[in-house]
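This briefing sets out selected features of the structure shown below. The points are grouped by topic.

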Amino acid sequence: MTAALETIGLHKRFGALIVANDIHFRLDAGARHALIGPNGAGKTTLVNLITGRIPPSAGRILLGGDDITALPQAVRVRRGLGRTFQINTLFRGLSVLENVCLAVGEHHGIGGDMLRSLAARRAVLEGGYALLERLRIADDALTPVRELPYGRQRLVEIAIALGLRPTVLLLDEPAAGVPSTEIAIILDVIEQLPDDIAVLIIEHDMELVFRFARRITVLVQGSVLIEGTPAEIAADARVREVYLGEGHHG
Amino acid sequence: MEALISILFHGLAYAMILYIVSVGLSVTMGLMGFVNLAHGVFAMAGGYVTVRLMNAYAVPFGLALLVAFVAVALLSVVLERTLYARLYGAGELEQVLFTIGLIFMSVAIVRYLWGPSPQPVHLPAVLSGQIDLGIRSFPTYRTFLIVVGLLLIALLWLGVERTNFGAQLRAAVDNRRMAESIGIDTRRLFSLAFALGSGLAALGGGLGADILAIYPGYATEYLVYFLMVVAIGGLGSLRGPFVAALLLGFGDTACKYLVPELGAFFVFAAMIGLLLWRPAGLFGRA
Amino acid sequence: MHPIDTLLARHRFRAIELLPWLIAVAVYFVFGDYLPLGSQILIMILFALSLDLVLGYAGIVTLGHSAFFGVGAYAAGIYAAHVSGEPLSGLVLAACAAAVVGWLSGLVVLRTTGLTLLMLTLAVTALLAEAANKAGFITGGADGLQGMDIRPIFGLFRFDLFGRTAYLYCLAVLFLAWLFARRLVHSSFGRSLIGIRENTARMHAIGSPVRRRLLTIYTISAALAGVAGALLAQTTQFVGLTVLGFQRSGEIVIMLVFGGIGRLYGAFVGAGIYMIAQDQLAKLEPAFWYFWIGLLLVLLVMFARGGVLGLIDRILRR
């Protein structure tokens, strides 16, 4: 079966510093995969390489079997690669609904329309609103994002990514900075993601990781240390040493 | 051959002025990300202080330059503490508008005080005329500019390499948050760097008064040159702007010498082309 | 009301949007002696409106918008002086010339950000000013371009000494440009420009071709600025080097910011008040005019970032 996403020998260095070292990584359709590792292990860098935010020094990236290594970010997104950001990256001056509708509009391919009538846009707005309902933030549809508490902004992050209807979704620490009382909402949302989406989640919260993931990859200093089922990872001595031993936040 | 020497010589003198005026701007951009379009105002102020002191009070050139350096550095630090500091972290547009406001005000003030025409520059007798350097004779004033410019640059580079202040400055430009976490007071550091940069600009304005004419349009007419030096050199770098200043100095002089009818056209076109090739500048981090 | 309807309603036409046009028509009948100034104001509104599209909506901080105004002015002027005095074809030509220059310079300028972008916008303008200065045989150089003979519009409406035709001509062109700009900013394309302004990184991450969108609006804006320049050339029958100056670029930014950016009507308020104040105050002591404008700008940045319209908003919300 073709992998939803695959990296082959992905390599990235900044000067003498190697931040991604020969990474072979595979995400099958419908995967629930977690990427863990201590701070500075290169997790976000890997996401940035996959999405094309930074170019790799060597290696290839395949999306649904097609080589996307040389494609610009925007094209990868249109081919089904969606992501969220570790630090909220939102349209702060716009309302929640407008935030999501920008993504939905791009997905419908009308983001560049100059003269289309409002009726065409209604479909986009309805699609965006349905997403807000799913994430239970529809009450704030017209609230400017910058006025929302951080936890709810995290949900907007996810809503924007879902508005793209991705086949592969990369979630970069979706629960980071969310008060523990609100983490349950994010967990629910992640668990209810459609089965056909392949999801890769980067997370420090081990409870979340072990509840959600069916496979786990451990990244240390830019290299893959081990990949396996949650049980295998929990039992591995090396993982305990480099990661769990230092506590959750490394 | 004669023409080439001439171009290199005049271009070098011009480059010195461009670099001394602009280097402070590169540091403010690199350190605080502040788009200070009014940087040229400090150079203009230095020029006016120098020339007015010489013309109206017969103050010697060297002393007038020193006064210009100190006065403008002090003035700039007052402005930095009271006004600039409120806009750190504000949007680029706010910074641009604020500094354009300063430009407009300063232009109106100098026009009111000393009129619209360029200030006459009466150089001391030792600096007028020609000096024989063996190969041929050169204008003394420009020779002086090159020597003083090189000395200043050597002093500046050594200072940034060797002193504690310089080490802190380099650390802060490199990674501000890291520098703060190891206890460097970046606010104070920036005030000092701002004062030094503005003082140098004033010195550049005064030294170069006979090349870049001191008149109310100074801060706007040469703005594009100062920005070019910084943009092409790469933000936050000391050496990059020097190379850029040399390129600009030689290029501009060569164009005006060889194809006077096309004036600065080629220089602008070449600089735009250069940035098309390397948008982050020659030594900038992409 | 459902949030979707609320959002859609924000894009619908509101009666207050008629106000500028009512004022403009009233001016024609009431202040007949001031029509030449009125035409100048309409031209500057159009120019500021074109700037609002790139600065206010797309968030491109430029100090070189006079490049396109100047190209439009020279294109229309040279066309009128050497080819034909027919005004409408002159306008179209100016729009095309400015659009080409906008597109070409946008290819370079929009690859960069921040200080480098500012520097490039200045450099492009300086380059064009230098070209206009040196190509005196066709542009008139430092003396300015003269000898235009503008023919009647549609062959019917002759430009009169009192500036009546000129005023109505400028008003009609501005109205059409406003209709177009209004449609544009309320379209998906216009919304995506706001997205780019608010967060460029996110626009990339949702699959938006950011640079292409920016280049498109830069070119459109250049064309509109070119039309404004052409109107100035045709109505005053003169083009001087100042159309390409830093002063004009700076002033138009100030007018727009003074009115309020990213609002479409900031251009009307800002350019209107600025031009009238300049006409009244600059007569007294022209040197001081720029001092006060500079001071106003500093105060505006410190205390009233939304401009006049932003202040009105804040007062209404209390």
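Predicted model: local features only at pLDDT ≥ 70, side-chain atom pairs only at ≥ 80, totals over all residues.

In what order do the six strands of the open sheet in chain A stand? The order is β6-β7-β8-β3-β9-β10 (chain A), with mixed pairing.

- Strands β3 (residues 32-36) and β9 (residues 215-220) of chain A run parallel and are joined by four bridges.
- Within this part of the sheet, Ala34(A) has Ile216(A) of β9(A) opposite.

**The four-stranded sheet of chain A**

- Another open sheet of chain A consists of four strands in the order β2-β1-β4-β5, and its pairing is antiparallel.
- Because β2 (17-27) and β5 (66-67) of chain A stand at the edges with a single partner strand each, one side of each is left without a neighbour in the sheet.
- Five bridges connect β1 (residues 5-14) with β4 (residues 58-63) of chain A, and these two strands run antiparallel.
- Glu6(A) stands opposite Leu62(A), a residue of β4(A).

**Helix α5 of chain B**

- Helix α5 (residues 140-162) of chain B has 23 residues, which at 1.5 Å a residue should span 33 Å; the end C-alpha atoms are 32 Å apart, so the two values agree.
- Tyr141(B), Leu145(B) and Gly149(B) are buried in α5(B).
- The packing partners of the buried residues of α5(B) are α1 (2-32), β2 (137-139) and α8 (186-207) of chain B.

**Contact between chains C and A**

- Chain C has 26 residues in contact with 34 residues of chain A.
- On the side of chain C that touches chain A, two or more residues come from each of α1 (3-10), α8 (164-185), α9 (188-198) and α10 (200-205) of chain C.
- Helix α9(C) gives the largest share of that side, seven residues.
- By class, the side of chain C that touches chain A holds eleven nonpolar, ten polar and five charged residues.

Terms used: Residues numbered from 1 in each chain as written. Chains lettered and ligands numbered in written order. Expected span 1.5 Å × (residues − 1). Buried ≥ 20, exposed ≤ 12 C-beta atoms within 10 Å, placed from the backbone. Contact = placed C-beta atoms within 7 Å. Nonpolar A, V, L, I, M, F, W, Y, C, P; charged D, E, K, R; others polar. Pairing = 2+ DSSP bridges.
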